[in-house]
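These are my notebook entries on a two-part model, kept in the order in which I looked things up.

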Amino acid sequence: MSEVSERPETIDGRLVSSSRDASSATDLRIDGVSAAELDAKGIYAWFGARMVLENVDLVMERTKVTALIGPSGCGKSTFLRILNRMHEIIPSASLAGRVELDGDDIYDPSQRAATVRRHIGMVFQRPNPFPAMSIRDNVLAGLRFNRIRSKHKDEVVEEALTKAGLWSEVKDRQKDLGGGLSGGQQQRLCIARALAVKPAVLLMDEPCSALDPGSTLRIEETVREIADDVTVVIVTHNMQQAQRVSDKTAFFLAQDGNPGYIVEAGPTSEIFGNPVDPRTADYVQGRFG
Amino acid sequence: MAETIEQLEQEEACLEADAESEAPEQIKINRIRPREFKPSDVAVLLLTLASSFSILWIVFSQLTLLNGALGFVVLWIPLFLGLYWFVNRQLFTRQVAIDRLISSVVTLGAGIMMLPLVLLTIFVFERGLPLLSWHALTSTQQGVTFTGKHTNLGGVEHAIVGTLEQVAIAAVIGIPAAILTAIFINEVGGRFTKSVRVIVTAMSGTPAIVAGVFIYSIWVTRFSYSGFAGSLALAVILLPTVTRGTEEVLKIVHNDLREASIALAAPQWRTVWSVVLPTARSGLITSTMLGIAVSIGETAPLIMTIFGNQVMNANPFSGPQMALSLLAYKQIKLPIQSQIDLGYTAALVLFIMVFAVFVLARLFGSGRRSSGARRSLLSFVRWTPGSSLEDEAADQGGVEGLQKSLEKEELDQ
């Protein structure tokens, strides 16, 4: 991993290239080259003694959008946070299983959590731009935090904001504070902030639940657009949203205080059109949850 | 081209004619502001005050021959409240009467709480102002003896220099330590969090004189009285105040921001330095300034650390120094009126310095925008208790946010 941190310049203005040969990956991927496949194998999770996830397997394919759906408290968010090692910052939390990013286990003792998080970005439920920073500084925060020096900051900012669909709205006021934007704009700023470090995977934890329908639609468009460059995993409570944005859907369920598990996962059209499990059918048709 | 203009003019004329013909039929919209306090309401308030005063005056000094201002005020308040309720009940509705009664009680309560502060300010200015002069500010008490009459009263310059140096050194020692302690308690955590917090709480409850005795025994007995020894004692006072203030401010920083920073692969020190502290900036400055203001007024810990003197000693590391609080304390104990008055002058200077500290806190604390000092100066000038709403709105989203929150406020009303 030290290899990555010793080569901070690689992120500079590099375009996303599709020529990367996945089979040759031996170490964790090189910065900002392309999206990667995320493969969760046999994931268990606990808070203290309480098991909240049981034996979850899920493959999140390269440049696809994977939606995690299910009723509240079924462990979708916990699962999402396990995917970029955010689960472990909660003191009582523990887990078991493997999460592989293009074949490399992100929980391998040789991996630094910070490096994993740099490759696997995250957007949260509530828009959370850093209030003391300008729009531009918010976008560049990831570079600054990781001590990535760049001579092309303007390009990085423009590229990230463009991908997040915010460039035209804020290009003339990059010096303004991020908190001055509307809720939807703030969320897109957070997406830009996450994209600026060129992650391979972007995790989104109900990114639209605090937004109005117009902003939601705008974020959904953004998700579809960025999926060309980055693998997206999105938690949502909104069935229509899952149908609109995702290629693949996983349905989580936790019953009677038991740990959550995946009832069914597959192409979104199958899950919504022709689900195998009757509980999936009930849920996607709004009969419970 | 000319035709079109003509056409437009004709249309306009038609429109105007339409508007005129419609005007008399327009429904007049009756705008109301349910919470408006109209001039007539002010009149009711003043008349009620006057009539309650008059009734009480008749009963108090004409019928019963009672006297005493305190008794008068104590009786006047309930009488006024009762009468005010009754008048509003008669003129308006029960709801209005109750509303205004409670408003009056709350306003009176606030006024009574403000009273000591106002009286204190007036008192200090009244006693200290007559001797406040350029001469008093720029001369020491060198050569002044405290017996008999003196044309030269001396001044407080040596005490101003002493106070500034002592507090500056105390701040340099105490504030970084306090902020680091608060960061440890709130951000780092671990096994010792609880014990550190208990120690800080205990420290903030320690009498200030104990800080003085402590520094006396470990420092002054080994070296000598000095301004620096005073600084050490003040740092002990300042540490728990700033730590607790900072801790509270750090708690307010939303956890979402820490998570966002961690998710951007920031190491913890980076999260604290680049996200948590800048977000808490204005609160940090406030708690820091509060600590400085507390320590600037301390007297007890200085008595046995700086000792006090009458001449200028600008070197805080050697020999006794004076401080404004200590000077005020010493002067007021003297049996000569003019010297006592000089003590009040010292108190007044101290008072102004503390006020200046808060003004500075306000200037730096709110100067978060890129336009910097000018804007923050403006926000200070404009500052009134009500404008905190404006600050909040500015934090949330500039002009738009302000507009929104004002609208919300209106809706709430």
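Predicted model: local features only at pLDDT ≥ 70, side-chain atom pairs only at ≥ 80, totals over all residues.

Entry 1. I then listed the secondary structure of chain A and found 11 helices and 10 strands. For the contacts in chain A between residues at least 6 apart in sequence, I recorded that 69% join residues at least 24 apart.

Entry 2. I asked where A:Thr236 is placed. A:Thr236 sits in the loop between β8 (231–235) and α9 (239–245) of chain A. Is A:Thr236 buried or exposed? A:Thr236 has 25 C-beta neighbours inside 10 Å and therefore counts as buried. Leaving out residues up to four places away in sequence, I found A:Thr236 touching A:Ala67, A:Ile69, A:Glu206, A:Gln241 and A:Ala242. I also looked up the pair A:Thr236 and A:Lys76: their C-alpha atoms are 9.0 Å apart in space, while the two residues are 160 apart in sequence.

**Entry 3. Helices α4 and α5 of chain A.** I turned to α4(A) and helix α5 (residues 153–163) of chain A, whose axes come within 10 Å and cross at roughly 105°. The range for roughly perpendicular is 65 to 115 degrees, so α4(A) is roughly perpendicular to α5(A). On the α4(A) side I listed A:Arg136, A:Val139, A:Leu140 and A:Leu143, and on the α5(A) side A:Lys153, A:Val156, A:Val157, A:Ala160 and A:Leu161. Sorted by class, this contact has seven nonpolar and two charged residues, and no polar ones.

**Entry 4. Where the chains meet.** How many residues does each chain give to the contact? I recorded 25 residues from chain A and 22 residues from chain B. On the side of chain A that touches chain B, α3 (113–119), β6 (120–123) and α4 (135–145) each supply at least two residues. By class, that side of chain A has 11 nonpolar, eight polar and six charged residues. For the complex, I noted the predictor's ipTM of 0.82 and pTM of 0.74.

**Entry 5. Overview of chain B.** Chain B has 17 helices and zero strands. Buried residues make up 31% of its 413 residues. Of the contacts in chain B with a separation of 6 or more, 68% are between residues 24 or more positions apart. The average pLDDT of chain B is 81, and 80% of the residues score at least 70. I flagged residues 368–413 of chain B, where the pLDDT is below 50; beyond near neighbours in sequence, this stretch has 35 contacts in the model.

**Entry 6. A helix pair in chain B.** I examined helix α9 (residues 227–252) and helix α12 (residues 281–296) of chain B, which pack with their axes 8 Å apart at an angle of about 160°. The two are therefore roughly antiparallel to each other. I recorded the crossing of α9(B) and α12(B) as right-handed. Among the contact residues are B:Leu234, B:Ile237, B:Leu238 and B:Gly245 of α9(B), and B:Gly283, B:Leu284, B:Gly291 and B:Val294 of α12(B). By class, the contact of α9(B) with α12(B) has nine nonpolar, eight polar and no charged residues.

How values were computed: Residues numbered from 1 in each chain as written. Chains lettered and ligands numbered in written order. Axes fitted to C-alpha atoms, helices over the stretch in contact; angles between N-to-C directions. Helix = DSSP H or I, 4+ residues; strand = E, 2+ residues; numbered from the N terminus. Parallel < 35°, antiparallel > 145°, perpendicular 65-115°, else oblique. Left-handed = near helix turned anticlockwise from the far one by under 90°. Contact = placed C-beta atoms within 7 Å. Nonpolar A, V, L, I, M, F, W, Y, C, P; charged D, E, K, R; others polar. Buried ≥ 20, exposed ≤ 12 C-beta atoms within 10 Å, placed from the backbone. pLDDT = per-residue confidence, 0-100.
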